[in-house]
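Here are a few worked exercises on helix packing and chain contacts. Grab your viewer and try each one before you read its solution.

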Amino acid sequence: MSNYETYLLAGVAVPFVSFFILMLFGPRIGKPLSGWLAVAAMATCCVLGTLTLVGWLGEVDSGTAAELTAAAGESQFHWADIGSVPIKVGVNLDSLTVIMFFMVTFIATWIFVFSIGYMAGHSDEVDGKSKYHRFFCYLSLFGFSMLGLVISSNLLFLFIFWELVGLCSYLLIGFYFDKKFASNAAMKAFITNRVGDFGFIFGLMMVYFFLGTLDLDGAAAAFADQYASGTGLFDPSFTINVLGWHVSGPMMATLMGIGLFCGAMGKSAQFPLQVWLPDAMAGPTPVSALIHAATMVAAGVYLVARVYRLLTPDAQLFIAGVGCITLTAMALIAIVQTDIKKCLAYSTLSQLGYMIFGLGMGAWIAALFHLMTHAFFKAMMFLGSGQVIEGCHHEQDMRKMGGLIRKMPVTGVTFLIGVLAIAGFGIPSMNLGLGGYFSKDEILAVAWDRAGIGGEGHHSDQDGHHAAASGATAFDLVSDSHEAHNGDDRVAGHALATDDADHAGVLKLMFWCALITAYVTPFYMMRCWWLTFMGKPRDQQVHDHAHESPMMYVPLVVLAIFTVVSSYALFRPLIADAAPALTDAVLVTAYDGHADDANHAKGALINLHGAHDWLFWGVGWSWAIMFLVAIVIYRNGVGLGSKLKSAFSPIATLLEKKYYFDEIYDFMFVRGCRLLASISAFWDTYVVDGIIASLTSKATERFSAFAGRGVDANIVDGVFNGMAVTAFDLSNLFRSPHTGRIRNYVLFTAGAAAVAILLLLFFDPVPDAQAILTSAGG
Amino acid sequence: MIAPKQLVRSIALLTTIATFVLSLWLIGPFLGAGSADAAGMIDIFGSSYGEKLHFVQRADWITSKNFTIEYFVGVDGLNMPLMVLTSFVGLLACLASWNFESWKVNKGIKGYFALFLLLETGMLGTFVALDFFLFYIFWEIMLLPMYFLIGVWGGARKEYAAIKFFLFTLAGSVLMLVGLVAMFFYSSEAVTRYASLATSYRPDVGVLTTGTFDLIELATNQAIQTYFNATDTYFLAKGLQFAPLMFMFLFVGFAVKLPAFPVHTWLPDAHVEAPTPISMILAGVLLKMGGYGFLRLCYPIFPAGGHHWAYCLACIGVISILYGALCAMAQTDFKKLVAYSSISHMGYVLLGVAVMTDAGVQGAMFQMIAHGISSPMCFFLVGVIYDRAHHREINRFGGLWLSMPKYGTMATIGFFASLGLPGMCGFIGELWVLLGVFAARDTFTWAVPMAILAASGVILTAGYILWLIQRVYLGPSKPEHAKFPEVTGREMLILVPLAALCVLFGILPKHLLFDFTNGTLDLIVKTMAAAPERFGSLAAGL
Amino acid sequence: MLTIGLMHYLVLSAAIFCCGIFVMITKRNAIGILIGVELVLNSVNVNFIAFDRYSQQPGFDGQITALFVIVLAAAEAAVAVAICMNLYKNINTIDVDRGDALHG
Amino acid sequence: MLAAIELSWYPSLAELGWFAPELALVGTIVVILVAPLILGRSGLRSARIAFAGALVTLLLSVRLVEQVGGGGISGLAPESAAGMLILDKLTILFKIILMLFLTGVTALWVLGSSEKEENGEEFFVLMIGSALGMALMTSTLNLLMMAVAIEAASLPSYAIAGFDKRNRKSAEASVKYVIFGGVSVAIMLYGISLLYGMYHTLNVAIIAQGVANDLAAGQNTVLISMSLFCVLGGIAFKIAAVPFHFWCPDVFEGAKIEVTAWLSVASKAAALVLLLRLVDAFNIGAMVAGHSILTYNGLAWGLGVLAAISCTWGNFAAYRQSNVKRLLAYSSIAHAGYMMMLATIFTLPGTTTSGKPMAALMIYLIVYAVMNLGVFTVAAIVSWQTKSEDIGAFSGLGRRAPWLAVPMVCCLVSLVGLPPFGGFIAKYWLLLALGSKMAETSLAPLSWILIIVVVINTLISLFFYFRIIRTMFLSDDQLPALSPPFLGTAMANLCAVLLLLFGVVLINEPKELADRYTGDMYKPTVVLTSKDVPINAPGDMQVARSVDESDAMQIPALGGAQ
């Protein structure tokens, strides 16, 4: 076991210890101390994560990383057997893990710090009992689960931690569970995620059965092997009969991918399971920042990235489609939001849509890169919003804010950095920019290529591509990024290649949607920022109370710095380093013969805007245009905005109602389910019990009543009383000849005797005695 | 009359503690018997099954010139965990009975604990008996104490519930009695007919010449197996094949206990009316007898019957899962909800064994144990709040977490375990069963739809449990709950071990259970799997 | 000229038997019912004697049996009449339909 | 017949010794009758004498076991092979059971009536008289003897049913009993007369051969069916099988509880043993006549249907009863139905299973006697102390008299037939006996149907038995506590303990006992070829002659029926 594994395992264990201590002794540890305990634990993790990251960068440089990865795969814990297939779990030690680990611990640490300040303001005294320690207890549990998720080498364990983070999310959304909306939101989040997990379980099943293992690498290897050798799923004769519907192997493989992706749909709140995330903002703001913006919701993206090698082109197309719908639809909703946190939530949804879209489109590196950058700036923005809300005494409505920049300069500035990052701020010709400028726009560029808008030839044209040296810094590579991005594109965009022509229309449509959304994003973000921080204060009372506290803005500053740093350094090279191993599925070769492309473009930070002439203008400056538009509209507060809204009132209403998803789901599923439940219960009480138990229940009831002890009359089958001939009625039937009159007795006996004799005479009881004799004897 | 109440309780507690400690002794021989060991035991029809039994006790009990009924007990991977579970739940239930004086019906403490211990005897006996006759005796012995425990110390409709419980179980077991008699005579016919195959697994017997009640013999003797599962062995009339019919006779008895749709209706009533400790035992142990019966009797002895009814049973399992969950969702009585959730959870057991794949059977076994841990906990949680509120209306609760934080935490653990949260015990069984169903796709056309339906039960379960938690534990604290005392030390003493096990079983399924059980389960699965080949068309399904 | 043979006796006996049964079913008076029983017993006697008389086998088991039946009938009548008296003492009638306190 | 017997012949003392138990009973009767003349009237003394008489009979019976060899003895010399009475181990066992039960009932009587009773002498005379009749019922294969024995058992029963003279119900009960009994016996005698007419004999062994021949040939089926049904009717009356059961609930309800207890077991037991003996004789008859026992399929089905209807009827009708004695009457009808099923087992003599039905019956009878005695003891004590026979009188008995309630539960659960009590084991042997026919005859389906009927009836019967349990434990009308007499409590508990022992420990012993006593019951394989030559020496243990040696076997046809 290498040091890195030890670090990572220790990093997982530390928050658990913290959780355990806080669970047992939380109330005794008391208010500030339990928070600091959690912070200390998470900081320890962060240190471990940093150590790992730094060390790992060196390993990557020296080329020994692959050996370490392989070695980590060897030492695994035999956890259980499913049937006769062993389930082993270990640390998935590779660049992606390392970088995710660092990202999670780093952000979490600062958010924990922020939380101490935040929770100090929330007294949370209910019934004389503080929930303070419980908050940090849950946060620690979340840290444990999320880190476990990141390092698991086994899909099943990934799933287990996956659910645990879901549990933490549930507990933290419902942290103010004395509020109805909070507990509702928590339940909604958990159940919606369960729907996704339903698919995930099926994905797991198929992986388990068709690939014979739940180990991530093992499954991918088996998948590639099956493809190469034409066995298993790729055996032409493979078919599964599902109610007469014969499913072929590739189809099954697609379903497998989609199943796994269902889990991601739930966790990353992709259409149509997006409904829970905005409601999840009911939780404390640090939770929104940590779980529902930076880390947990990104787990879906992480999952898709992890199982990327199992995805068929069709599955990828599906994923891209879902991502595209999400990113577009959610961005539009964000325009009309007035709640600052909701606005950020929809922007999160949209950005997650981008990531998923990117993965579906083949922009593996870009999507993960976007995950990283997004994590920093979105966490920062949420914390900023928390600062605002806290400062404004729990006012979340942006329409009542305005002009806060004077009262909260640090918050305002850092928030603006976030806005710039998400909007894709950058100067195209200078390779200067923030976060989204590199990551989001790269996704767009890949989509552009895939849609074939930039002209044919990228896919087959290998010659111009050259390998960007692995581990190269971003700045070194800027110059030759034109070609580099093509290579990069190749790395991830392999699988859909042959199908691209078939789906050209769809791909084009998706690209345009994503592009338009790239224009929407700066607009609503600037709207949000402007309404909050600029202009005149619209509610003087709120404005007067506004303040900010150092405990809370230190994390903002740190995250702002990292927003800038993450755009350039550290992350992309490592992601690119992980890319070949995690994406070079055999399908690359299979579908377009460009397996070698996988070796290209390692760690390149590309100037997409320079590479694609059209994108230079089309995307590169989108932020500027839309910022202007937003400022123009909202410079004087909401007045013009609401006029516009009334002008487009049907659309605005549709958006405000979030396309009526909640209502539809409530009607279809919640009410439908409850109706079904009521029917079942009714059925059970009156029909099943009525029929099955009518003999027993009625008789019991009657004899209870008979003995003078009335059991309540509507015992079981009040409605179906007349349905069955009950034992009791039978009893009456049998009793009826006993009239007490001897003559009747004699008559009855004589009659019965006569009948019996007649029967004996004319009815042979055993017509075919011999046949039965033989049959009974076998 | 003489014994003071304290003494009565203490004796009962000491007895249960002693039983529990002794039952731990049973684990001994299984330690170190990992799956690697079990993999070597592939000889299905040979003697290995018998040799793997530990703590075997044999004594002739009823002897006749044609047969011997033995006092034959032994422990293998199938019943060892259930024995430990029984004694464990018995111990906790005894602790839960400690506040006997504060019950609504608080007379007759001696009778209560005497019947309680008698019940435990019956349960342990059922699990440990390896002679069908002995098994049946113990099976029936349980009935009477349970009847009284529900009927005397129960709630408002206790009489109804008690007799209903009794009647349903007895209805199942009388059919088992027919099976008992028939199996004896057919086995004696078998050993005469196929004398050359009738080698017993017991060296001291050699070739079997008489009918038998020995469950291991019935399952392993080739002559008996061949005759029982033959297509042309009839019962009652030509055309009624022996194996399917007998399988059904036995199955009905066990399905009632399980309980499977549609013979489950006794369960909600019995649970609602039973006192808390009895509910714990009912849910924790009694229901497991159904599943145990499948694995001990139905499938090993009539594998062809199992194949014959596979679809039917799997469908019943799926229906139980969904139906139980839906019914649970509609309940407003806290305890009834938990009772229906038991039906739903035990549906997985039926489904798991019905598909006859190794993962399915392992999952069923795990689900039994997991449910045996989580459901007593849930019932005890209900009992805790019932002791304080004296009602169980879900909608009248709310905000209990605020009033009783420790209780809320424990409830969360218990209900999330019941929900099947990964990392807790409920998850493993369900996942394994689902995988098992999926694995049966080659033989079951309906396997995939069934797996989908069964898996959708997971969502329903999450729905009703979360809704329950929301209504009971979340929300603003109600003034009438404010005076509720926090869970006492005694109650924590019951809840904490259960909570710990809920988590531990979720984390270490292999080391806590599968290592002990898989060897035996493998044998059973292999017997099942070999059936179509050995017994031909009868086992080919519907 | 009609020869009286076994068949005649049997028919007679059957007729008496039926009369007896009829009486038992229709009479409400306990003594009447007892008379019905006596009629049946007498039909039995007729049978036995007739079978014995017309049998080609040696022996007279039938006649002995008839004697036994007469004795049994007498014993039974004695007991029955005593019991009827007891009934009369209790309910002042021997109408058996009145004795329906025991039923169901 | 008579001609063959020398007038100078007298039975030897040794031969009379075989008759000792019956003689002892007669002696007891005489002593009870004479004692008051000398010592003055005392019910208690009569009870003691009866008790002693029963014990003496018991001892004499036990002593006979050694003398009776395999195959048993029928009649005295020189008609020893075809006598009117049979002495074999079965009859001895039956007498032992009967006497034990008699002592139990006597004890019950002593419990309830010792002080105030003025007619103790008459009571015991009648009861022992009926016991004598029952003893005779089980030891004959002669139709005349059978009729006489049934009457001997019945007539005293009629009287003791109405023994509570000032009780209207009692009077009514006895009237119904006597009338119903009279009718049944009359009908039975009519059937006997028809059989006599057809086969010119009263010996069942020979009649059975004739019937088998006729049925095989398809002759006389109407007459045979009718006459057999009439004979069966007489026996069914004693068994109280449907549809000859009407007297049973009424009589049980009206009679005193000791009488009810006595009738519920003894008279039914005797009739059942008789029935099984007859069926056995018919089996053997068929075999001797060289026919398959399948000839009697119809009879078996008839009996089986009757039995099935009986137990179902009894159990269902018991549902709504509120009088405990009446409830137990229906219960006894049901149990008689179970036992009657054993009569459907037609087995070939000589096979290993031949003894089984009778053995199963004897086990069932033993257990049934114990559990009924227990139940009646408790019911009697409760009814005496509360002056009520209603089920409500049991309310809260668990609190009022736990030492009565607990044995009552044991007995009732045993009556249901659940482990771990004797009732289950008895039912279990019964089911095994029924099932044992699987590969032997075409009646296997019938047997399995009957088995299923039994188990389903177990379920049905649960209700009314548990109603008593429920009343005792689950409800409480706050009635005052009882002060049960020690003897009664002891008796009830003894019964419960015995049942538990039968259910758990002494499982083999009754079976072995029953096997030993029934295994070599009298087999009427012997056919007289000549009236005056005895084929067997008295007491000879050898089975007489094989079938093919029975030359010139003449089956008298329906003579003279032109």
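**Exercise 1. Work out how enclosed H16(D) is.**

Start with the count: twelve of the 15 residues of H16(D) are buried, so this helix is largely enclosed by the rest of the structure. "Buried" here means that 20 or more other C-beta atoms, placed from the backbone, lie within 10 Å of the residue's own. Helices are DSSP runs of H or I with at least four residues, strands are E runs of at least two, and both are numbered from the N terminus.

Next, pick out the residues: the buried ones include D:Leu404, D:Met408, D:Cys410, D:Cys411 and D:Val416.

Then check the geometry. H16(D) covers residues 402-416 and reaches 21 Å from its first C-alpha to its last, close to the 21 Å expected at 1.5 Å a residue (the expected span is 1.5 Å times one less than the number of residues). Just past the helix, D:Gly417 takes a positive phi of about 100°.

Before going on, a word on the ground rules. This is a predicted model, where local features need pLDDT of at least 70 and side-chain atom pairs count only at pLDDT 80 or more, while totals for chains, interfaces and linings use all residues. Residues are numbered from 1 along each chain as its sequence is written, and chains are lettered from A and ligands numbered from 1 in the order in which they are written.

**Exercise 2. Describe how H3(C) packs against H7(D).**

First, the axes: H3(C) (residues 61-91) and H7(D) (residues 168-199) come within 9 Å and cross at roughly 165°. The two are therefore roughly antiparallel (angles over 145 degrees count as such). Their crossing is left-handed, i.e. the near helix is turned anticlockwise from the far one by less than a right angle.

Now the residues: C:Val69, C:Ile83 and C:Leu87 are among those in H3(C) that meet H7(D), whose side includes D:Val175, D:Val178 and D:Leu189. Contact means C-beta atoms, placed from the backbone, within 7 Å. By class, there are twelve nonpolar, five polar and three charged residues.

**Exercise 3. Which element gives the largest share of the side of chain D that touches chain B?**

Begin with the totals: 26 residues of chain D contact 31 of chain B. Elements giving two or more residues on the chain D side are H17 (422-435), H18 (444-473) and H20 (508-518). The largest share, twelve residues, comes from H18(D).

How values were computed. Axes are lines fitted to C-alpha atoms, for helices over the stretch in contact, and angles run from 0 to 180 degrees between N-to-C directions. Angles under 35 degrees count as roughly parallel, over 145 as roughly antiparallel, 65 to 115 as roughly perpendicular and the rest as oblique. Two residues are in contact if their C-beta atoms, placed from the backbone, lie within 7 Å. Ala, Val, Leu, Ile, Met, Phe, Trp, Tyr, Cys and Pro count as nonpolar, Asp, Glu, Lys and Arg as charged, and the others, Gly among them, as polar.
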